[in-house]
Amino acid sequence: MSAAPAPLGRSDPADFAAALVTWTERGLYCPAGDFHIDPCRAVQTAVITHAHGDHLRGGCARYLLAAAGESLARHRLGRGSSVTGLEYGVPVSLGGVRVSLHAAGHVLGSSQVRIEHAGCVWVVSGDYKRQPDPTCAPFEELACDVFVSEATFAQPRYRWPPTADVVAQIWDWWRDNRARGIASVLFCYALGKAQRVLAELTAFTDQTVYVHPAIAPLTRLYRKAGIRLLPTLTSAASADYRGSLVLVPPGAAGTSWMRRLGEHSRALCSGWMCEPEQARRRAYDRGFVLSDHADWPALTSTCLATGARRVLLMHGQSSALAEFLRQRGVDAQAIAQPAGVTVPP
């Protein structure tokens, strides 16, 4: 038997007759529109914020997502899935609820979900960032009554350096390794991070980069979307990788596939590299702080800029951000979940 929906946060009858979005065992649910947002299990109608695997899962009868990310979703879901792409800012009606998607700045096609019903506006952010990124549309600030925000890096110690400085560090590391005659193996997520690195490096070089087979098809879809990237070759056992940059998903670390690369230096590209001990603990030679999520200053400023009287937080450690917002008069809290239900990572 399915668990009964649990309201998100405290209700305020004077302003909100009923919670517009609830939490169920399948994830975020809008009862008035009868749709789920990034469901963790199969549902009838899924509104998807982006194509990462922890937000886009197979088995749903119908998917709605941003047109910019439609090709990525079709690639990941496979044939036979019902996928509808929506242009940013163009509303549709779901069960009498007005729904529109707006750029989140996370990866290509990433969206915030704006939901309007009975004079109340909720915005579910999905994952987002505020730093400029040549591979996706920039985050759009939206006014709302309730803002559901991610909180992946919701601690004051997470503050991103300028992207140009980080990319210059990657370029210098690659050149140093080339002078040593070894490969530069940069671990980065296959969707979003790898393509961002390839785009940002065009400011420094036009050299060809090798990519892992898991990264290659996603990179081709970015090119078809008109994103300018460095030229790439899919890695092959016969290639000579000395002096080359090779992009590899973190899941390939420690596998037999790595042997083909010969002698190499290993680095990870992630917001978690803001903590140097993370690189050492994971046995990386270098760590580059490049994240596709909002850092502490971006999270705090974004939550306040929405003008929302209530902010609900999910993913990550939310206590510090909730307290920061409460001190500024915002009703902020982590999403209340039914017993035994956890938010997907």
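**Rings, burial and sheets in a predicted model**

Q: What makes Arg328 count as sitting over the ring of Phe324?
A: The charged end of Arg328 is 3.6 Å from the ring centre of Phe324. A charge sits over a ring if NZ of Lys or CZ of Arg is within 6 Å of the ring centre and within 35 degrees of the ring normal, so 3.6 Å meets the distance limit. Arg178 likewise lies over the face of Trp174, at 5.9 Å from the ring centre.

This is a predicted model, in which local features need pLDDT of at least 70 and side-chain atom pairs pLDDT 80 or more, while totals for chains, interfaces and linings use all residues. Residues are numbered from 1 along each chain as its sequence is written, and side-chain values use heavy atoms, without hydrogens or water.

Q: Why is the pair of Phe153 and Trp272 called tilted?
A: Rings of Phe, Tyr and Trp (its six-membered ring) pair if their centres lie within 6.5 Å; planes under 30 degrees apart count as stacked, over 60 as edge-to-face and the rest as tilted. The centres of Phe153 and Trp272 are 4.4 Å apart and the planes make 45 degrees, so the pair is tilted.

Q: Why is the pair of Tyr210 and Tyr241 given its class?
A: The ring centres lie 4.8 Å apart and the planes stand at 65 degrees, so this pair is edge-to-face. Tyr210 is in strand 14 and Tyr241 in the loop between strand 15 and strand 16, 31 residues apart.

Q: How do you know whether Phe153 is buried or exposed?
A: Buried means under 20% relative accessible area, exposed over 50%, and partly exposed in between (1.4 Å probe, protein chains only). Phe153 has 2%, so it counts as buried. Trp272, at 28%, is partly exposed. Tyr210 at 15% is buried, and Tyr241 at 2% is buried.

Q: What does Asn177 touch?
A: Contact means heavy atoms within 4.5 Å. Leaving aside residues up to four places away in sequence, Asn177 touches Ile182, Ala183, Ser184 and Ser265. Asn177 belongs to helix 2 and is buried, with a relative accessible area of 2%.

Q: What makes strand 13 and strand 17 a pair?
A: Two strands pair if DSSP finds at least two bridges between them. Strand 13 (residues 183-187) and strand 17 (residues 264-269) share 5 bridges and run parallel, so they pair.

Q: Why do strand 15 and strand 18 stand at the edges?
A: The open sheet of 6 strands has the order 15-14-16-13-17-18, with parallel pairing. Strand 15 (232-234) and strand 18 (286-288) each have a single partner strand, so one side of each lacks a neighbour in the sheet.

Q: What makes strand 10 and strand 11 a pair?
A: They are joined by 5 bridges in the antiparallel sense, and His117 stands opposite Cys120 in strand 11. Both strands belong to an open sheet of 7 strands with the order 8-9-10-11-12-19-20 and mixed pairing.

Technical notes:
Helix = DSSP H or I, 4+ residues; strand = E, 2+ residues; numbered from the N terminus.
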